[in-house]
Amino acid sequence: MTSLPFYIVDVFAETKYAGNQLAVFTDAEARSSTEMQQIAKEINYSETTFVLSSEARSGGYDVRIFTPAKELPFAGHPTLGTAFILQHEIIKQPIETIALNLKIGQIPVSLLYENGLPDVLWMQQRSPVFGETFTAETIAPVLGLDVTDIDTNAPIQDVSTGVPFIIVPLKTHQALKRIKVNKDRYFALIEKTQAKEILAFCPETYHPENQLSVRVFADSLGIPEDPATGSANGCLAGYLVQYSYLGKPYIDLRVEQGHEIGRPSLLLLKATKTATIQVSVGGRVILVARGAFV
């Protein structure tokens, strides 16, 4: 079988080797699901994507997303990183919107340009669905925190824009930095919940130009801590406007993630609440390398 072209990109990255790295394979239609899963396992990034064809179908490009362990219906940084490669390496001309046909459905990505090159990419996520709530007494021990570290002015809740996350509001940056997941308690918790991953956040930051700090824990996917998570932050955006966490039914925010593991990322969030909640997640993508998988 012929070799498979691939590209490595940093997503939600302001500089190279920050953000969340992604491998994007193109011309992958001839590969079976088993082969894609095996390649994703060998690459061993949090997610790897496969563009099935360089030709658009039904208004979008067919894309599949795999972790080393399983296929996902949707994920944030793979959506933006793949859209970047489609524009930069396949379409090769400025285009305002690219749609990706994912397992969850079609996700549009808009591109803003600077000096003729893609600058910030934005994806529109599904309206959030709000699920189970949790007590501080249940979640604090999972994160290795005290109950008093949790901000009880907003709920701890399962929120999904395609992939569910447990959203945990914390009072201080110090509490966020102190998190140490108790794996036994974590796996005992997710045996009973729809959401398997946890996003904790606080309204204090490393950099004053940003508004929130975030950490995401995904041991169920083999990722103790994720450096940049578009799907989780989309859930957070919906949560913030649902509960007017920042005092208003709309947000336009810069969010930090990944500082604690040496992969500092920047995610841009927009959301509004009218009859429904509209959520968009944006960020920058940097091409790191290209090659062929034999």
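The questions and answers below walk through strands, helices and selected residues of a predicted model.

Student: Before we start, what should I keep in mind about this model?

Tutor: Residues are numbered from 1 along each chain as its sequence is written, and side-chain values use heavy atoms, with hydrogens and water left out. Because the model is predicted, local features need pLDDT of at least 70 and side-chain atom pairs count only at pLDDT 80 or more, while totals for chains, interfaces and linings use all residues.

Student: Happy with that! Over how many bridges do strands E6 and E7 pair?

Tutor: Helices (H or I, at least four residues) and strands (E, at least two) are DSSP runs, numbered from the N terminus, and two strands pair if DSSP finds at least two bridges between them. E6 covers residues 97–102 and E7 covers residues 105–114. A hairpin of two residues joins E6 to E7. Their pairing is antiparallel, and the number of bridges is six.

Student: Is Glu47 buried or exposed?

Tutor: The unreviewed UniProt entry annotates Glu47 as "active site"; such annotations may be inferred rather than shown by experiment, and positions follow the numbering used here, with feature names shortened. Glu47 sits in the loop between helix H1 (33–43) and strand E3 (48–51). Buried means under 20% relative accessible area, exposed over 50% and partly exposed in between (1.4 Å probe, protein chains only). At 6% relative accessibility, Glu47 is therefore buried.

Student: With which side chain does the side chain of Glu89 make a polar contact?

Tutor: Glu89 belongs to helix H2 (residues 76–91) and is buried because its relative accessibility is 13%. Setting aside neighbours within four places in sequence, Glu89 is in contact (heavy atoms within 4.5 Å) with Tyr7, Leu287 and Arg290. A polar contact is a pair of N or O atoms within 3.5 Å; within protein, one must be able to donate a hydrogen and the other to accept it, and residues adjacent in sequence count only if both atoms are side-chain atoms. At 2.4 Å, the side-chain partner of Glu89 is Arg290.

Student: Why is H3 called oblique to H5?

Tutor: Helix H3 (residues 136–143) and helix H5 (residues 183–190) have axes 7 Å apart, at an angle of about 135°; axes are lines fitted to C-alpha atoms, for helices over the stretch in contact, and angles run from 0 to 180 degrees between N-to-C directions. Angles under 35 degrees count as roughly parallel, over 145 as roughly antiparallel, 65 to 115 as roughly perpendicular and the rest as oblique. The angle of about 135° therefore makes H3 to H5 oblique.

Student: Which residue's backbone oxygen does the side chain of Gln125 reach at 3.1 Å?

Tutor: Gln125 lies in strand E8 and is buried, with a relative accessible area of 4%. Its side chain makes a polar contact with the side chain of Thr161 at 2.6 Å. The backbone oxygen reached by the Gln125 side chain at 3.1 Å is that of Gly230.

Student: How far apart are the C-alpha atoms of Ile90 and Tyr243?

Tutor: Ile90 is in helix H2 and is partly exposed, with a relative accessible area of 23%. Ile90 and Tyr243 are 153 residues apart along the chain, and their C-alpha separation is 41 Å.
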